[in-house]
Amino acid sequence: MAPARLASSAASPSHATEEAAQRILHTAERLFAEHGYEGVSINMIAEQAGVSKGNIFHHFSSKETLYQTVLGSACAEARRLLDELVNHDGNLAERLMHFAAAHIAHLDRHYHLTRLVQRELLEGGVRRGKELAEQLCGENFARLVGILRNAQGRGELRKELDPALIAQLLVGSNIFFFQARDMLRHLPDVDFADDPLRYSRMVVKVILAGIVPPPGAQGA
């Protein structure tokens, strides 16, 4: 029994270290989303995460590194969703419906991360936009475009349509939903503002109506 107690004791510091790192990340995610990069200090993160500044710098070499790690978590989830899109059974329409629904559910679950990405898009300027494209989002977007281009080659999408535009519509419509939801709730005839999944399905149906060739005309 003694070895078991020793193993448990040895594992505790590692678990505590990982727990502290996750607490730092979650706190930083919320604060960056609320105040922006310039409006958040390491002192603020340390105080609200319940750790020391030294603890933060033990895990992250700088505030910029911490910020990029927070943003990177959004792209890691996107990679997982793209894996599901590739491996999901069904025709292209069913796979895109599944992808869009999973994407909007992720945005809804990770509210602060969604707000942070929105802040980057709206306020980050040219430099931040370039960094987002090159370092964080570009690979995932290119992969989604590639999936659509392959489907186009199989005759599942009309030849004259741009796969990059289709990808932007799929992802951008979900992001816009969260940017505009507070306004959408008060617009006449809008009954989907509090139902992200239904909204996502309706958007995909609209997109599919314009990109899926009619029966008997595949690849035309």
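**From one glutamine to the cores and salt bridges**

Gln179 counts as partly exposed, because its relative accessibility is 37%. The model in which this value was computed is a predicted one. Gln179 belongs to helix 8, and, once residues up to four places away in sequence are set aside, it touches Gln118 and Leu122. The C-alpha atoms of Gln179 and Arg119 lie 9.8 Å apart in space, although the two residues are 60 residues apart in sequence.

From here the view can turn to the interior. In soluble globular proteins, nonpolar side chains tend to be buried together. The largest nonpolar core of this model has 31 residues, of which Leu85, Leu96, Leu144, Leu148 and Phe177 touch the most other members. At least two residues of this core come from each of helix 4 (63-87), helix 5 (92-109), helix 7 (125-153), helix 8 (163-184) and helix 9 (196-211), and helix 8 gives the most, with 8 residues. Leu85 shows some of these links in detail: apart from its neighbours within four places in sequence, it is in contact with Arg95, Leu96, Phe99, Leu144 and Ile147. There is also a second, separate core of 22 residues, which includes Leu25, Val51, Phe60 and Ala74.

Helix 5 can be examined on its own. Its 18 residues reach 26 Å from the first C-alpha to the last, close to the 26 Å expected at 1.5 Å a residue. At the start of helix 5, the backbone nitrogen of Ala93 has a side-chain oxygen of Asn91 within 3.2 Å. The buried residues of helix 5 include Leu92, Arg95, Leu96, Phe99 and His103.

Gln152 counts as buried, because its relative accessibility is 14%, and a polar atom of its side chain lies 3.3 Å from the backbone oxygen of Lys159. Beyond residues up to four places away in sequence, Gln152 touches Leu157, Arg158, Lys159, Leu161 and Pro163.

The backbone deserves a look as well. Most residues other than glycine have a negative phi. Asp189, however, has a positive phi of about 70° although it is not a glycine. This residue is found in the loop between helix 8 and helix 9, where Asp189 is exposed, with a relative accessible area of 79%.

The structure holds 9 salt bridges, and one of them joins the side chains of Glu34 and Arg30 at 3.9 Å, N to O. Both residues lie in helix 1 (residues 2-35), 4 residues apart, which is about one turn of the helix. An α-helix has 3.6 residues a turn, so residues three or four places apart point the same way.

Asp83 and Arg143 form another salt bridge, with their closest N and O atoms 2.6 Å apart. Because Asp83 lies in helix 4 and Arg143 in helix 7, the pair ties together parts that are 60 residues apart in sequence. Asp83 is partly exposed at 34% relative accessibility, and Arg143 is partly exposed with a relative accessible area of 32%. A further salt bridge brings together the side chains of Asp182 and Arg185 (2.8 Å, N to O), and salt bridges that share partners join Asp182, Arg185 and Asp194 into one network.

Methods. Residues are numbered from 1 along each chain as its sequence is written. This is a predicted model: local features need pLDDT of at least 70, side-chain atom pairs count only at pLDDT 80 or more; totals for chains, interfaces and linings use all residues. Side-chain values use heavy atoms; hydrogens and water are left out. A nonpolar core is a set of buried Ala, Val, Leu, Ile, Met, Phe, Trp, Tyr and Cys residues joined through side-chain atoms within 4.5 Å. Buried means under 20% relative accessible area, exposed over 50%, partly exposed in between (1.4 Å probe, protein chains only). Contact means heavy atoms within 4.5 Å. The expected span of a helix is 1.5 Å times one less than its number of residues. A polar contact is a pair of N or O atoms within 3.5 Å; within protein, one must be able to donate a hydrogen and the other to accept it, and residues adjacent in sequence count only if both atoms are side-chain atoms. A salt bridge is a side-chain nitrogen of Lys or Arg within 4 Å of a carboxyl oxygen of Asp or Glu.
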